[in-house]
Amino acid sequence: MPIDRRNLMAGAGSLAAAVLTGPAAGATPSPPVEKLRGVVKGPVFARSDAGYPAARRGQGTTPVEDRFPALVVQPDDAADIAHALEFAQRQDMDISVRSGGHDLLGASTTRTGMLIDLSRLTGIDLDPASRIARVGAGTRAGALTNAGAPHGLVPSLGMNPNVGVGGLTLGGGMGWVSGICGATVDTLLSVDLVTADGRVLRADADSNADLFWALRGGGGNFGVATAFTYNLHAIPQVLAGDIGFKADPVRFLRFLRDFLAQSPDALEVGTLFTLGPDPTVIVRLCWSGSLGEGEKVLAALRAFGPAILDTVRPQAFASFAGSATHFDNMFLRGGEFDGITDPVIDAFAEIIAKGGPKGCLIGLLHYLHGALCRVPAGSTPFIREPGHILYNIVAPWQGADLQQDRIDWAMATSQALKAVNSRKTYINYLSYEGDHHVRDAFGPYFERLQAVKRRYDPGNIFHNNRNIRA
């Protein structure tokens, strides 16, 4: 339903103030909110509603305890989203869109205005014969992984099954099979989208092709994605699990640098270090090629030293990647390195030796190689530099209350790594504020993305993200 631009800001004054501040506890919601509830099929939560705390918090792990949207809308379909966008713009409300709630900066939850939470858009329509799945934007990666399991089909999604496919895909997407299947956006066939002016579009290689290009790595800058259509891959079995070592970080990281440089396409590795003077490193890995060849490749990893843990075994992909431990909160920061260089190794070793709150971790993941890096230059705005690697800083805890010491540790660690961070940081891991970081992340494609932004969101309605300002 197109939005009438002539009346876009009608009633923005006192009505906007009432909506933005929200009603007092126990009060009847203001008439504008009731008007929205009259046209939206999904639930709408104001601050006084009993369901507001859970709706505001969402199902993600990024803490949002300092963010209190005036309204949380959980749409049932694209029409609901169009109504919500029209309402918010008429009331001059800030708008944010949340898929899974794992945004490192928490930008997908607005501090004051309307949060459009896509958690009810979880439908999966999978055709085993064509190996194609159409998936709602609020679906968790693990749900699609598990849906494909009975058919031996695997999506190219992220390593964490709790992450929502929406934010993951719009930022590019890397995971356990990227070396042989490419990025998530390389398997993307189409995106259904609601634009700022309420139009419902489908973007693919033939329709709205400029928009489709931008959505394959340009983030949530162009509209509200409601559904994605993916190609899936036939991978009946993987060799996967964890191998753990007690190891000097410098020695292990030098070993890992050489090991990854020789790694075949079929191997994906993530590592996590505990903190303190006697660290443990856990290597979580997935081999998606022939099992015999995989055992030979992993023999080189096992040769590093005596393992204190080894759970690697042949298994169905979903058994390995379809579920994970869930924390109530997981304060994350991350970024990208140009490689495992000596300065990176020194910085990591210093952080590990210094220690931190119990249970906090620091690691490397997503070594960029294989099919991920063989796409034609410019085919997507997602830049993949062979040999680059991502890092993450993980501060988890159970319980709803903020653990400030963990947050402070993660922030300080992020700042300590800033000097060795690549300028071309993967947009989903970009943890530093500032327009210049966004421009650097998109490099030569930034101006083309700006042009698409001007066409589809000239008012920058969708700015609570890694924002591309037109």
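Which residues are exposed on the other side of α15? Glu 447 and Arg 455 are; here, exposed means over 50% relative accessible area, buried under 20%, and partly exposed in between (1.4 Å probe, protein chains only).

A word on the basis first. This is a predicted model, in which local features need pLDDT of at least 70 and side-chain atom pairs count only at pLDDT 80 or more, while totals for chains, interfaces and linings use all residues. Residues are numbered from 1 along each chain as its sequence is written, and side-chain values use heavy atoms, with hydrogens and water left out.

1. Helix α15 spans residues 446-456, and its buried residues are Phe 446, Leu 449, Gln 450, Val 452, Lys 453 and Tyr 456. They cover an arc of only 165° around the axis (taken from the directions from the helix axis to the C-beta atoms), which puts them on the same side of α15. Their cover includes β9 (200-204), α8 (209-215) and α14 (435-442). Helices (H or I, at least four residues) and strands (E, at least two) are DSSP runs, numbered from the N terminus.

2. Helix α4 (residues 78-90) is another one to look at. Of its 13 residues, 10 are buried, so α4 is largely enclosed by the rest of the structure. Just after the helix, Asp 92 has a positive phi of about 60°.

3. Do have a look at Arg 98, found in strand β3 (residues 95-98). Arg 98 is buried, at 3% relative accessible area. Its side chain reaches the backbone oxygen of Arg 56 at 2.8 Å. A polar contact of 3.4 Å also joins the side chains of Arg 98 and Asp 117. Such a contact is a pair of N or O atoms within 3.5 Å; within protein, one must be able to donate a hydrogen and the other to accept it, and residues adjacent in sequence count only if both atoms are side-chain atoms.

4. Arg 56 turns up again over the face of Phe 68, at 4.5 Å from the ring centre. Likewise, Arg 448 lies over the face of Trp 213, at 3.7 Å from the ring centre. The criterion is NZ of Lys or CZ of Arg within 6 Å of the ring centre and within 35 degrees of the ring normal.

Note on methods
Contact = heavy atoms within 4.5 Å.
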